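The sequence and structure are shown first.

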Amino acid sequence: MTIAWYLAVSALIFAIGAGGVLVRRNPLVVLLCLELMLNAANLALIGFSKMWGNADGQIFALIVMVVAACEVTVGLGLIVAMHRHRLPIDVDAMRELQG
Amino acid sequence: MSYIVFFIAALGTLAGAIGVITLKDPFYSVLALVVHLISLAVLFLLLHAEFVAAAQVVVYAGAVMVLYVFVVSYIGGESLTGSGGPGRAGTFGAFACGGALVIELFIAVLGSGLKAIGRGGAHVAPGFGNPEQIGTLFLTRFLAPFEIASFLLLLAAVGAVTLARRRGGLEDGVEDPPTISAVDFLRPRPYYTGTQHETLGHAETLSATQAVERQERAT
C-alpha cells in the first residue's frame, strides 16, 4: 500500500470534518468535526512517519491527541455551562460577541 | 491481504466521518465517531504505529467518547436538535467548500512530486513504533514537549472544572464560598482560637484586648 493512499484518505476525512463544521449548528457536533480534522492530520503525520522510517511523526501525533483531549475537555465544559444557564445549544444563537 | 484490510478500514473511517456530519441525533454522531476512530486505529496499525493505535483506542474511543456520551445524555435529546439546518443554500455552499478543499488537498499532496509517497515507505526495523521506542523518544529527545503536554492537561482539567462547576463559573450574583488567604494568618485572632475552650462551645469570640480587660476586672 503506498503512502499516497493514506494521504488521500486523510484529505477526504479532513474535508468531511471541515464541511461538518460549516453545516452543523450543534456545538457538540462541531466539536466532533474538529476531532475528525485532528484525526486526519494524525493519519497524515503517521503516514509521513512511515514514509521516512522515523518515529518522530508518531510523537507528534501523540501530542496532537493530548491537545485534542484538552480541547474536548474545555469545549464540553463550555457546553455544560451553556446548558446550566438555559442558553440555547446552538452556535448560531450564541452571538453576544457580535458587535 | 494488507490491501483488503486497508480498503475495509478506509471505508470504515470515511463512513464514520460521513455519519458524524449527517446523523441528526448527536448521540448517533458520537457512535459514528467511535466507528471512525477504531477504523483509524486499524490504519495506524497498517502503518506500523502500534502504540499510537493502542492509545487511539484506549484514550479516544474509550475515555474521550465516554465524556461525550455523558455530556450528550446530561444535556438531553430535545434541546440538542437545534432550530433547523443552515438552509439549502448554506448546505450547498458548505459542500462546495468541502469539495474545493478536497481538490486543493489532492493537488497539494499528490501533485507535489514527492517520489516517496508513491512507494510503501521506508523499510522499518522490527521494533518500529512499539511502546519501548516511543517511551525512549518521549523521555530523551522529546522530554520538553512531554512535560508541557502534561502541564497543558492539568490546565485543561482546572479550566473545565471552573467552567462547569455548579456554582460560580460564568454566573453572576452567587456568593463565593469563604476562602482563606495568607494574610489571615497574620491578623490577630480571637482570644480563644484553637483552645479547648473553643471546642467546648464557650467561644465568645473575644478580641485579645477584651480578654485582657476581662481578666483585669476579675483580679
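Among contacts in chain B between residues at least 6 apart in sequence, 42% join residues at least 24 apart. The model under discussion is predicted. Chain B holds eight helices and zero strands, and its pattern along the sequence reads α-α-α-α-α-α-α-α. Of the 219 residues in chain B, 20% are buried.

**Helix H2 of chain B.** The 21 residues of H2(B) should span 30 Å at 1.5 Å a residue, and the end C-alpha atoms of H2(B) are 30 Å apart, so the two values agree. The buried residues of H2(B) include Pro26(B), Ser29(B), Val30(B), Leu33(B), His36(B) and Phe44(B). Within chain B, the buried residues of H2(B) pack against H1 and H3; in chain A, they pack against H1 and H2. Just after H2(B), His48(B) adopts a positive phi of about 65°.

**The nonpolar core.** The largest nonpolar core comprises 66 residues, and Ile13(A), Leu32(A), Leu43(A) and Phe44(B) have the most contacts inside it.

| Chain | Helix H1 | Helix H2 | Helix H3 |
|---|---|---|---|
| Chain A | H1 (3–23) | H2 (27–52) | H3 (56–84) |
| Chain B | H1 (2–22) | H2 (26–46) | H3 (50–75) |

H2(A) supplies the largest share of this core, 15 residues. Which residues does Leu32(A) touch, not counting residues up to four places away in sequence? With that exclusion, Leu32(A) touches Val20(B), Ser29(B), Val30(B) and Leu33(B). Of these, Ser29(B), Val30(B) and Leu33(B) are among the buried residues of H2(B).

**The interface.** In total, 75 residues of chain B are in contact with 63 residues of chain A. On the side of chain B that touches chain A, the elements that give two or more residues are H1, H2, H3, helix H4 (87–110), helix H5 (131–139) and helix H6 (143–164) of chain B. H4(B) gives the most to this side, with 11 residues. By residue class, the side of chain B that touches chain A divides into 57 nonpolar, 17 polar and one charged.

Conventions:
Residues are numbered from 1 along each chain as its sequence is written. Chains are lettered from A and ligands numbered from 1 in the order in which they are written. This is a predicted model: local features need pLDDT of at least 70, side-chain atom pairs count only at pLDDT 80 or more; totals for chains, interfaces and linings use all residues. A nonpolar core is a set of buried Ala, Val, Leu, Ile, Met, Phe, Trp, Tyr and Cys residues joined through C-beta atoms within 7 Å. A residue is buried if 20 or more other C-beta atoms lie within 10 Å of its own, exposed if 12 or fewer, and partly exposed in between; C-beta atoms are placed from the backbone. Helices (H or I, at least four residues) and strands (E, at least two) are DSSP runs, numbered from the N terminus. Two residues are in contact if their C-beta atoms, placed from the backbone, lie within 7 Å. The expected span of a helix is 1.5 Å times one less than its number of residues. Ala, Val, Leu, Ile, Met, Phe, Trp, Tyr, Cys and Pro count as nonpolar, Asp, Glu, Lys and Arg as charged, and the others, Gly among them, as polar.
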